[in-house]
Structure formats: C-alpha cells, structure tokens
Amino acid sequence: MPVYPTSRIKQPLPDLPGTDTPTSPHPKETRRALAYLHDRGAHFVLLADKKPLWKGYLKRRPALETVLHSPELGIVPWSLQNTALDVDRGEPVQLCLFHPPLVVLASGQDGRCHLYYWDTEPRRNGNWDAFGCGGQIRGANGFLRLWHPQSSVNLLFALAHNPNPCMFPADLFQAPATKNYRPPADPGEPFTRQVALPAIDLGEVEPGNRNNSLFDVVRFWAYAAGKPGSMHDWHERVRVYAQSRNVEFRRPLPVDEVDKLALSVSTWVWSGGGPAYHGAWTPEQRRRGGVTWGRMRRYETRKRDAEIVRLVRGGISMRQVAQSFGLSAKMVSKIMRRDGKV
C-alpha cells in the first residue's frame with residue numbers, strides 16, 4: 001500500500017463506561033476509540049458482508065453496546081462534521097498534497113483509501129474525479145466501512161489533534177448539500193411495547209417469502225419481549241427464538257442467515273428502535289409514498305404541462321406536441337385530461 005499521511009494514538013486512551021466488554025470482537029484500544037467516537041456523536045453503521053444490517057440504518061444511531069458487539073462497522077462521515085472521499089482508482093498523492101485531508105484510512109487490501117475532510121454542509125452521495133484519481137463522495141446519506149481495527153483509533157486521534165483546517169474541496173467536483181437533512185434518532189432504552197402481532201403461519205410460507213416472514217415474526221415478538229441486563233444476553237435470546245421459529249418452515253432457512261436476521265433485530269431493538277423504519281414498507285406506506293412522489297413530480301413539471309395545454313388548445317395536435325417534448329401521445333393525453341380538463 002502507498003504511504004499516505006496517517007495518525008496514530010501516542011498514548012493509551014482511558015476507559016469510558018461500557019468499554020470493558022469481554023464478549024466484544026474488538027481489541028481493547030479499538031473499543032475505547034469506538035466509545036469516544038460514539039460519545040462525540042458518531043453514527044456507526046452495523047454491517048454484515050459489507051451491507052447495512054438495518055434497513056433503516058440512516059434513521060437511528062446504534063447504541064454503544066451494539067457497536068462494540070458488531071465485528072463489522074461503517075460510519076456516516078457527516079455525523080462527525082466530515083465529508084469523505086472513497087478512492088477506488090488512481091493514486092491520490094497529488095490530491096493529498098494540494099488538499100491535505102484530516103486523516104487517510106486504508107480500505108481493503110488493494111491500496112485503496114478513504115480521505116476524511118471537515119465540512120460545513122451535509123452532502124449527498126456522488127462521484128468525484130480529480131488529480132488523476134476518483135471514486136465516491138460520502139457525507140450525510142451514505143457510509144464508509146472501517147476496514148481495520150486501527151481505523152477508529154486513527155480517526156479519533158485526527159479529530160482531536162489535527163490542527164489543520166482540512167476543509168472538504170467542494171469546488172473540485174459536484175458535491176451538492178442534501179435537502180431537508182434530518183439527523184438520526186439517538187439510541188434510547190431498549191424498545192419494549194406491546195404491538196399487534198402479524199398472523200403468519202410459517203408452515204404455509206413459500207420459499208420466496210421465508211426471510212421477510214421470519215423477520216416480521218421475530219421483530220414483533222422482540223418489541224414486546226422483556227429485556228435482560230446485557231446486550232449479549234439479549235442477542236442470544238433473540239437468536240434462540242429466531243432459530244426455534246425457523247424450523248416451522250417446510251424448508252428452513254440456513255442457520256447463518258437466521259443468525260444474521262436475529263442480529264439485525266436484536267441490535268435495532270436494543271438501540272431503542274421500534275416498528276418505524278425497521279421493516280419493509282406496508283402497502284399503505286407505499287401508497288402514501290406514491291401519492292407524495294406524484295405530487296412532487298407534478299410540481300416539478302408544472303411549467304412544461306401548462307405549455308403543453310396551451311399548445312394543444314391552440315390547435316396543435318397531441319402527437320406533434322408529444323414529439324416536441326419527447327413524450328408519448330398517451331402522456332400528453334393524460335396531461336390534457338388532468339390539467340386541460342379535456
């Protein structure tokens with residue numbers, strides 16, 4: 001791997017409450033760094049095979065206990081007032097010379113890296129290309145994986161001790177800020193509330209619906225279940241319950257797949273999460289979302305649609321109007337029925 005500027009902790013970090021967790025897969029110094037970053041507001045993302053463990057991972061920040069028990073982690077850079085560049089092609093030596101980052105963290109085994117910068121805007125995901133290299137932008141709407149145990153330690157030290165401004169070079173490429181950014185909910189007490197249980201007979205579920213069906217059965221049980229004193233005990237209880245219900249299928253799911261499902265449920269509920277944002281959208285939510293999206297689209301095209309109505313009323317055929325706007329005649333007819341009252 002090329003030598004890029006990095007930072008390392010010079011002295012051991014003192015303990016924060018909750019870091020003395022013998023069941024954690026992370027070494028002690030990493031646990032301490034994760035705890036300090038979490039205390040600073042870091043929004044960690046629990047991962048499994050490089051993918052988010054939670055469907056609503058941008059909606060809720062995991063509790064520290066769940067972070068310390070997750071072997072694979074990512075982080076939302078904006079939660080630390082950073083925007084980061086994921087370098088997946090080229091050598092960023094020139095970029096680092098002209099725009100020194102706050103810290104450079106190695107990613108993967110092939111010499112790639114992540115460049116972190118201070119920022120004043122929560123930014124959307126995007127692509128970038130500068131100084132002969134390129135990759136993805138990650139700010140408020142995405143995450144970057146912490147590939148190595150030392151990554152969290154180096155990131156913490158850079159945030160605390162790097163005196164340089166290290167501002168994000170937004171002028172180099174398109175990096176617009178997000179609209180209507182909403183910070184995630186902070187972790188709270190483990191969620192416990194009786195909710196309506198879905199009437200699902202797992203023995204009658206077809207193979208294509210097994211994962212979603214078991215997910216709903218386990219999560220709704222977990223919302224109302226009593227919580228033990230530790231995350232480790234809670235996860236084991238959820239895992240055993242999930243495996244016991246899995247055998248009700250005519251063809252049970254693989255054990256490791258059920259374990260991952262149980263981890264998703266146990267960590268979400270332990271971090272204070274309930275039904276909102278946890279499962280897939282219900283038909284009613286999809287309907288409301290479709291109505292909202294339709295209204296947004298009509299607002300964005302209102303000037304175009306008004307011009308279409310004017311031209312058709314002026315005597316130009318719908319087919320000619322459709323060709324001039326790059327639309328189908330059927331779409332122009334729909335606009336006329338809706339806006340032109342034809």
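## A pair within helix α1

Arg32 and Glu29 form a salt bridge whose closest N and O atoms are 3.3 Å apart, a salt bridge being a side-chain nitrogen of Lys or Arg within 4 Å of a carboxyl oxygen of Asp or Glu. The two residues stand three apart in helix α1 (residues 28-39), which means that about one helical turn separates them; helices (H or I, at least four residues) and strands (E, at least two) are DSSP runs, numbered from the N terminus. Arg32 counts as buried at 11% relative accessibility, whereas Glu29, at 24%, counts as partly exposed, where buried means under 20% relative accessible area, exposed over 50% and partly exposed in between (1.4 Å probe, protein chains only).

This is a predicted model, in which local features need pLDDT of at least 70 and side-chain atom pairs count only at pLDDT 80 or more, while totals for chains, interfaces and linings use all residues. Residues are numbered from 1 along each chain as its sequence is written, and side-chain values use heavy atoms, with hydrogens and water left out.

## Pairs between separate elements

In the salt bridge between Asp305 and Arg338, the closest N and O atoms are 3.0 Å apart. Because Asp305 lies in helix α9 (residues 302-313) and Arg338 in helix α11 (residues 329-338), the pair ties together parts that are 33 residues apart in sequence. Asp305 is buried, with a relative accessible area of 2%, while Arg338 is partly exposed at 27% relative accessibility.

Asp129 also forms a salt bridge with Arg89, with 3.4 Å between the closest N and O atoms.

## The whole structure

The search of the whole structure finds 15 salt bridges.
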